Amino acid sequence: MVGLARSGVAAARMLEGHGRVIGTDSGRPDVPAGLEAHLGVDGVELLDQVACVVKSPGVPNEAPVIMGARERGLPVVGELELAWRLLPQRFVAVTGTNGKTTTAELLGAIWREAGLPVAVAGNVGTPLASLVGTLGPDTTVVCEVSSFQAEDSIEFAPDTALLLNLSEDHLDRHGSFEAYRNAKLRVFARQRPEQVAVAPPGVELPGEARRIEFGDPAELPLPAGEVRLRGPHNLENAMGASAAALASGVPAEAVAGALRSFAGVPHRLEEVGEAGGVLYVNDSKATNVSAAARGIESFEGGVHAILGGSLKGGGFEGLRVPVAARCRACYLIGAAAERLAADLEPAGVPLLRCGDLETAVREASAAARPGEVVLLSPACASYDQFRDFEERG
């Protein structure tokens, strides 16, 4: 097992009943007692002892141990692929650049509204591997699938696959938008004719599944104004979730009930408090430009936007229009601050270099007036100053 973060440890535990499991991680994460783990090493020296390499999604294909395994002809299998093979339950996969977590949790709420057993897992939440052997045969698994997970798939073929959107992201890992896009679309590549592929109009999908398009609010099983989630992007998420649920046989009244009641997930346009008439919103999960733009566009104006973090490749020009239209000022933090300042200068709003999040919150709070919004929607990863987006949020 290469990579011993959450999903890696779950995969190792899943495999313990099938033979000897050796774990390795180039870092030094906390590892549960009883797991054979080699930490702080690249793991190449362990390859002579194994028959298969299981790759955690956070491990790049260029890692020495992965390259070494392939040179030796050893099979390299991703955690998603392996867990899916061991889960016989109906499987719904949710992928896309933005909205995956919200939509996966919304689908879970839809299934529960219908009184149907469901388990939500994948990417940033419950590791898929941790579900193996724990679910009843009638449970539906809803899995959020990242490009890191999808690129390692081999035979992966979910019963229903939903693509929400595609925009530039993770170029530091994939190298190009084309490679990133191809990784995402692997979710559909092995689907069979009796399975379902749901996507926005105009997206060409691989695979043989029955295609369903979404994008018209009139197709929702309730008036669009009754959807509880805030923002036009969440209306798109609601339409995608509705299409996937209805195609999977969930009654329309259950879909409508969940859309009326589901309030969202932590760190994604999460309204965390109000002070002095100023609303504070945690959108830490907006780790790319398109997600941050959608966060800013969710408010009519008066936005004090906190932007920045670690760079992921690509620029921030896509924020100029929403920043110019909705923001009073931007408060720039982390390693990306100078690039943000250069790219956002044409927007014509004050750009304050704050260094860290604490300073940015203090400066934004001092400037914001009643009726305005202090929004953390960083458009960047968190790894320069925080463990992950959750700690940042």
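A crossing of two helices is left-handed if the near helix is turned anticlockwise from the far one by less than a right angle, and right-handed if clockwise. The model is predicted, so that local features need pLDDT of at least 70 and side-chain atom pairs count only at pLDDT 80 or more, while totals for chains, interfaces and linings use all residues. Residues are numbered from 1 along each chain as its sequence is written, and side-chain values use heavy atoms, with hydrogens and water left out.

**Exercise 1.** Determine how α8 and α9 are arranged and which residues form their contact.

*Solution.* Helices (H or I, at least four residues) and strands (E, at least two) are DSSP runs numbered from the N terminus. Axes are lines fitted to C-alpha atoms, for helices over the stretch in contact, and angles run from 0 to 180 degrees between N-to-C directions.

Step 1. The angle between α8 and α9 is about 155°, and their axes lie 10 Å apart. α8 is therefore roughly antiparallel to α9 (angles under 35 degrees count as roughly parallel, over 145 as roughly antiparallel, 65 to 115 as roughly perpendicular and the rest as oblique).

Step 2. The crossing of α8 and α9 is right-handed.

Step 3. On the α8 side the contact (heavy atoms within 4.5 Å) is made by Ala 238, Ser 242, Ala 245 and Leu 246, and on the α9 side by Ala 252, Val 255 and Leu 259. By class, these residues of α8 and α9 are six nonpolar, one polar and no charged (Ala, Val, Leu, Ile, Met, Phe, Trp, Tyr, Cys and Pro count as nonpolar, Asp, Glu, Lys and Arg as charged, and the others, Gly among them, as polar).

**Exercise 2.** Describe how α4 packs with α8 and with α9.

*Solution.* Step 1. α4 (residues 100-113) and α8 (residues 232-247) pack at about 45°, with 9 Å between their axes. α4 and α8 are therefore oblique to each other, and their crossing is right-handed.

Step 2. From α4, Thr 102, Thr 103, Leu 106, Leu 107, Ile 110 and Trp 111 meet Asn 234, Asn 237, Ala 238, Ala 241, Ala 244 and Ala 245 of α8. This contact of α4 with α8 comprises eight nonpolar, four polar and no charged residues.

Step 3. With α9 (residues 252-261), α4 makes an angle of about 125°, the axes being 8 Å apart. α4 and α9 are therefore oblique to each other, with a right-handed crossing.

Step 4. Here Leu 106, Ala 109, Ile 110 and Glu 113 of α4 contact Ala 254, Val 255, Gly 257, Ala 258 and Leu 259 of α9. The residues of the contact of α4 with α9 are seven nonpolar, one polar and one charged.

**Exercise 3.** State the volume of the largest cavity and identify its lining.

*Solution.* On a 1 Å grid over the protein atoms alone, a cavity is a set of points where a 1.4 Å probe fits but cannot get out, and lining residues have an atom within 4 Å of a point. Grid points are joined across faces, edges and corners, and a volume is the space filled by probe spheres set on the points.

Step 1. The whole structure contains one cavity of 30 Å³ or more. The volume of the largest cavity is about 30 Å³.

Step 2. Lys 55, Pro 57, Gly 78, Glu 79, Leu 80, Phe 148, Gln 149 and Asp 152 line the largest cavity. At least two lining residues come from each of α3 (79-85) and α5 (147-150).

Step 3. The lining of the largest cavity divides into three nonpolar, two polar and three charged residues.

Notes
On a 1 Å grid over the protein atoms alone, a cavity is a set of points where a 1.4 Å probe fits but cannot get out, and a pocket is an open set with protein on both sides within 12 Å along at least five of seven lines; lining residues have an atom within 4 Å of a point.
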